[in-house]
Amino acid sequence: MERGNVFANAYKTRLLLHLAASTHLGYAVYYDYVYAQLPPLAVEMRLEAPIGGKLKYMTFLCGLLQFTYYSLALAYDVVRVRRLMLLRDYMLASFVVPLALTVSLTFWTLYAIDRESIYPGLLDLIYPVWLNQSMHTIVVVYALVELCVTQHRYPARSKGLAGLGAFLVAYLAWIHYVWLRTGVWAYPFLGALAGPVRLVFFAAIVVLAFAYYLFGERMNSVLWPRANCGGGRRWSSSE
């Protein structure tokens, strides 16, 4: 009976987290896409590229992935289909944890060094504080809490890193395409960097993202050792 109560409480905690995160981030992504728009003058002043819309910003793509993950996790909480569990675990390992940390730590580091280069004060008129914190801070809180309350089995490291690497390469190729087409970087501060420095910056982001993947993998193995033992784990409806 006591063990059953523990499982029931754990399930309620996961369900509440996934419902809250999917609702919160879903609204944040919607608000960002619909209302948090720079005026047309920004394009004329070459502060924003005229193509790509929100999809050229890593913050927005990360928020979209986070919302997708928590919606998927919520669906699994309800229907308990094994394929959803496998996709859920892969998404958390390859995208949710490393990208949340990449976006948050990169943003706040650059913000601390030179706020105007990454988030000019003028943006406070367009992006409310709650949206900035949702997309750059709370995504990390959700990811770390999710690691603590939901048992995951990480994929083989080569497969997990391959997914993360493919996403990062695709994103870098995409923003370079936007730059080649328009002469404007998705993030204007990139234009102020010399070519070699910019390459070092991109390389550092990729290396750090891989390090964040390993951090999530290690944290998961410490919190859920039985789920990540060498013999693997059986699927359980209590997960």
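The largest pocket of this predicted model has a volume of about 970 Å³. Its lining comprises 42 residues, of which Tyr57, Ile118, Ala186, Tyr187 and Pro188 are the closest to the centre of the pocket. Two or more lining residues are contributed by each of the helices α2 (41–44), α3 (58–79), α4, α5 (115–118), α6, α7 and α8 (195–223). Among these elements, α4 gives the most to the lining, with five residues. In composition, the lining of the largest pocket consists of 33 nonpolar, six polar and three charged residues.

Helix α4, which spans residues 82–113, also contains Ser104. The relative accessibility of Ser104 is 7%, and this residue therefore counts as buried, the cut-off for that class being under 20%. When residues up to four places away in sequence are set aside, Ser104 is in contact with His136, Thr137 and Val140.

The side chain of His152 forms a polar contact with the side chain of Tyr69, at a distance of 3.4 Å.

Definitions and conventions. Residues are numbered from 1 along each chain as its sequence is written. This is a predicted model: local features need pLDDT of at least 70, side-chain atom pairs count only at pLDDT 80 or more; totals for chains, interfaces and linings use all residues. Side-chain values use heavy atoms; hydrogens and water are left out. Helices (H or I, at least four residues) and strands (E, at least two) are DSSP runs, numbered from the N terminus. Buried means under 20% relative accessible area, exposed over 50%, partly exposed in between (1.4 Å probe, protein chains only). Contact means heavy atoms within 4.5 Å. A polar contact is a pair of N or O atoms within 3.5 Å; within protein, one must be able to donate a hydrogen and the other to accept it, and residues adjacent in sequence count only if both atoms are side-chain atoms. On a 1 Å grid over the protein atoms alone, a cavity is a set of points where a 1.4 Å probe fits but cannot get out, and a pocket is an open set with protein on both sides within 12 Å along at least five of seven lines; lining residues have an atom within 4 Å of a point. Grid points are joined across faces, edges and corners, and a volume is the space filled by probe spheres set on the points. Ala, Val, Leu, Ile, Met, Phe, Trp, Tyr, Cys and Pro count as nonpolar, Asp, Glu, Lys and Arg as charged, and the others, Gly among them, as polar.
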